[in-house]
Amino acid sequence: MVSFITYKLILVIIVFLVSLLIAMYSTYAERKVAAFLQDRIGPNRAGPFGILQPLADGVKMFMKEEIIPDVSNKWLFILGPCIAMLTACMTGVVIPWGGVLTIRGHEYPMQVTDINIGILYLLGVVSIGVYGIMIGGWASNNKYSLLGALRASSQMISYELAMGFAIIALVMHTGTLSVREISEMQTGWHWNIIYQPLGFLIFIICAFAETNRAPFDLPECESELIGGYHTEYSSMKLGFYLFAEYINMFISSAVIATLYFGGYHVPFLGRFVHDANALAILGSVFLFAKIFFFIFFFMWIRWTLPRFRYDQLMHLGWKILIPLSLLNVAITGILMYLTGRIH
Amino acid sequence: MLTNRSQAVAKKEMTLAERLYLPAILHGLKITVSHFFKKKVTIKYPEEKREFSKVYRGTHVLKRDEIGAERCTACGLCAVACPAEAITMVAAERKKGEEKLYREEKYASVYEINMLRCIFCGLCEDACPKEAIFLTDRITPSTFKRGENIYGKNKLVEPIDKPIDISARQTQAVLEFKKHKEFAHNKVYTEKQLPNKH
Amino acid sequence: MTLYLFYFLSFLAIISALMVVVSKNPVNSVLFLIITFFAIAGHYVLLNAQFLAAVHIIVYAGAIMVLFLYVIMMMNFSKESEPSKTKLSQIVATVAGGIFLITLIGALHFYDVDMSPGHSDPGAGLVGALGKVLFSKFLLPFEISSLLFLAAMTGVVLLGKKNNDNS
Ligand code: SF4
Ligand code: SF4
C-alpha cells in the first residue's frame, strides 16, 4: 500500500527522469540518424557505438565557461533557459503513459494527473514556452538573438492557431478534453488518425513549427542568425535550451501518439494477453515504440527537408493551414451531423 | 555537356500535386531513408587506414645509402625546383672520419622543409640528382604550433635501423639503372673502400 | 490549504500588478503582467473554473502578451527614447488617477458585494456546463461577440491590404 501522495511523487519523478533520459539520448540519436541518412556512422568513440556520447557532451557543457554578456539583463538572461526547461518538463504530467496497474487491489493509473481539460493544459504550456526563447533572446542584447526571438514568437503564435483548430476538430470527434479519455477511446483500430487524417496532418506540421524543428527552425537558423536566440549563451544555459528542444520533441511525439495513434492501445493485443497488468505494461511499451517512431520521424524530416524562408513559413501558416483547419472543423461537423452523432 | 544528369530548368505553372508538396516530401523521405540502410563510407581512421595509391605523395624522407651515409649533397636543386619555396638548407664540408655519415664531400648540415608551404608536388624528388629525397606514403600530421611544421633533419632523414622503402616510387628504368653497381652513382662502398680523397 | 493558496495568489497578483506600474523598463512591466495573469488563473482554478483558467493562460499569457512583448522588443525602448515628463503632465496624471481611485472606492462602497462563498453550483466552471450555458442561455451574446471578432478580423485584413497597395 502506497499512499496517494508518494505514488504521485514517484510517478512524477519517473516521468521527469524518463523525459531527461530520452532527451539525452535524443541528442545521440539525432547525430546517429543524421549520420546514417548521410551514409556516415556518427559518434562511435565514447563507449561501444558511442553510447556514452551524451554523458561526454553533458560533462563538456558543465565544464565550459559561463559567460554572461556585460550589457545584458542578468536576471532575465538566466530566467530564459529556466522557463524553456520548466515548460518543457511540465507537459509530461497530463499524458497517460499507460493503462491502469492493479497492485494488491489498488489501482495505479500511469498518468500523473487526469485533468478534464488536459488538451487545453498542453496548449497553454506550449504557448508559455515561447517566453523562454523571447526573454532569453531579448536579454542577450544581441541583434541576432533578438531577431531569433521575434521569429520564434511570431511563428509560435501563428501555428498555435492552426494547431488549436486541428485539436478542436479532434475534440468534436472525441467529445472530451481529457487526454486519458481520448486515448481510452482508441481501442483496436479506432485510432483517431483514421477519423481525422487532415487534422493529423495539420497537427504534425504545427508540432514541427512549435518545437522549432527543421524545416521550421528559423529562430535558430545558423546561416543567417548565427545561433538565433541562443547566440550569446554558453555552458549549461545553452545546454538547457538545447535540452528543452529535445524534451519538447519527445513530448510532441508522445502527444501525437496519444491523440492520433491510439496511445497505449495496440490492436489485437487483448487476444493474446489476458492479464490486465501485463496488458498495461505492454501497452506502455508499445506507446513508447510509437513515440520513438515519431522522434525518428522528426529527425528524418530534419535531415531531409531544407529550411523554409520566413515569408513561406508565414504563408503556409496563415494562408494554408488555418483555412485548411477551419475546413477540417466544418467537414468534421458535417460528417458528424450526417452520421447522426449530433442533431 | 559535362554530365548526363543535368536537367533543363523550365519555369512553368506547378500542377496541383506539385503545389501540395506532400508527394515531393514523401519522395525526399524515401530517398533519405534508402540511404539509412546503405553501406557507410566512413573509414575509422586510426584503426582502419585508407589504401594509398602506390605513388602517394606524403611526408618526405632523406635517404641513406647501403652503409647508412646520407645521400644528400646539399646541391640545392630541390630548393630551386620547389614551386612553394618550402626547402631551405645549409651546406657543410665533410670532415675526415665522417665518411660513414655522409656519402659525398659536401652535405647538408641543416635541411628544413616547411610542411605548411609544401604542396606535395614531388618536384624536389624529380630534381634530386642523388636520389636523396623522396616522398613517402606517410601522412604529415597536423600540429598545435606552426613551428612544429618545419621539419628538420631529425624528422626527415630516415633512421638507420629502419630504412624506408621507396622502390614503389621509382620507375622501371630507374630500377634497371640501379642494378649496374659499376656506375659511380650506384657504387656500394664497403668499409675498406670508403673514398678518402682528402 | 485553499485559503493559504488564495492569500498567496492574491498577494502575488497585487504585488506584480503594482510592479507593472512601477517598474521603469517596459519589458519588465510586461513580464510582471504575465505573472499577474498567472495568479488570476490560479484564482480561477481555486474557483473550480479550470476551463476559464486554461483559456485565460492560452489567450492572455500565451498570445496577447507575446504580441505585447513582441512590439516592445521591436521598439526597443530605452531611457533616451522615453517622452519627457513635464511638471504639468505629472500634476494632471496625479489628479486623474486620484479621481479614478475615488470613483472606484465610491462604487465599491455603495455596491453591496456578497462575499459569502459557495452560493453557486461548483460545477458551473467545468467545460461541459459552460458549453451548455453558452449555447443555450447565452447563445445570442455569444454569437454577437463572435460577429464582433469577425468584423475586427475583416477590418484588419482590409487595412493591411490597403497599406500594401499604397506602397
Ligand atoms: S614536394 Fe613540391 S612543394 Fe613540397 S618540398 Fe618538394 S618541391 Fe617543394
Ligand atoms: S636532396 Fe637532392 S637535390 Fe636536394 S640538396 Fe640534397 S642532393 Fe640536392
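I began with one ion pair: Glu30(A) forms a salt bridge with Arg213(A), and their closest N and O atoms are 2.9 Å apart. Glu30(A) sits in helix 1 (residues 4-37) of chain A, while Arg213(A) is in the loop between helix 8 (197-210) and helix 9 (222-225), so the pair ties together parts that are 183 residues apart in sequence. I note that this is a predicted model. I then searched the whole structure and found 16 salt bridges over all chains.

**Entry: chain pairs**

Which chains touch? I found two pairs that do, and chains A and C make the most contacts. Chain B and chain C do not touch. Their nearest C-alpha atoms are 25 Å apart.

I took A and C next. Here 21 residues of chain A are in contact with 25 residues of chain C. The buried area is about 1,900 Å², and carbon and sulfur atoms give 79% of that. I looked for salt bridges between chain A and chain C and counted zero.

Then I turned to A and B. Chain A and chain B each put 16 residues into the contact. They bury about 1,400 Å² between them, with 72% of it on carbon and sulfur atoms. How many salt bridges are there between chain A and chain B? I counted one. Arg45(A) pairs with Glu47(B), and the closest N and O atoms lie 3.0 Å apart.

**Entry: helix 1 and helix 10 of chain A**

I went back to the helix that holds Glu30(A). Helix 1 of chain A packs on helix 10 (residues 235-260) of chain A at an angle of about 105°, with the axes 8 Å apart. The two helices are therefore roughly perpendicular to each other.

I listed the residues that meet. Helix 1 of chain A brings Val18(A), Ser19(A), Leu20(A), Ile22(A), Ala23(A), Met24(A), Ser26(A), Thr27(A) and Glu30(A). Helix 10 of chain A brings Phe243(A), Tyr246(A), Ile247(A), Met249(A) and Phe250(A). By class I get ten nonpolar, three polar and one charged residues.

**Entry: helix 10 and helix 12 of chain A**

I followed helix 10 of chain A to its contact with helix 12 (residues 276-302) of chain A. The angle is about 120° and the axes are 8 Å apart. That makes the two helices oblique. I read the crossing as right-handed.

The class count is 13 nonpolar, three polar and two charged residues.

**Entry: the helix pair of chain C**

How do helix 1 and helix 2 of chain C run, parallel or antiparallel? Helix 1 (residues 2-22) and helix 2 (residues 26-46) pack at about 155°, with their axes 8 Å apart. That makes them roughly antiparallel. The crossing is left-handed.

From helix 1 of chain C the contact includes Leu5(C), Phe6(C), Leu9(C), Ala13(C) and Val20(C). From helix 2 of chain C it includes Phe32(C), Leu33(C), Thr36(C), Gly42(C) and His43(C). I count 13 nonpolar, seven polar and no charged residues.

Terms used:
Residues are numbered from 1 along each chain as its sequence is written. Chains are lettered from A and ligands numbered from 1 in the order in which they are written. This is a predicted model: local features need pLDDT of at least 70, side-chain atom pairs count only at pLDDT 80 or more; totals for chains, interfaces and linings use all residues. Side-chain values use heavy atoms; hydrogens and water are left out. Axes are lines fitted to C-alpha atoms, for helices over the stretch in contact, and angles run from 0 to 180 degrees between N-to-C directions. Helices (H or I, at least four residues) and strands (E, at least two) are DSSP runs, numbered from the N terminus. Angles under 35 degrees count as roughly parallel, over 145 as roughly antiparallel, 65 to 115 as roughly perpendicular and the rest as oblique. A crossing is left-handed if the near helix is turned anticlockwise from the far one by less than a right angle, and right-handed if clockwise. Contact means heavy atoms within 4.5 Å. Ala, Val, Leu, Ile, Met, Phe, Trp, Tyr, Cys and Pro count as nonpolar, Asp, Glu, Lys and Arg as charged, and the others, Gly among them, as polar. Buried area is the accessible area (1.4 Å probe) that two parts lose on being put together, summed over both. A salt bridge is a side-chain nitrogen of Lys or Arg within 4 Å of a carboxyl oxygen of Asp or Glu.
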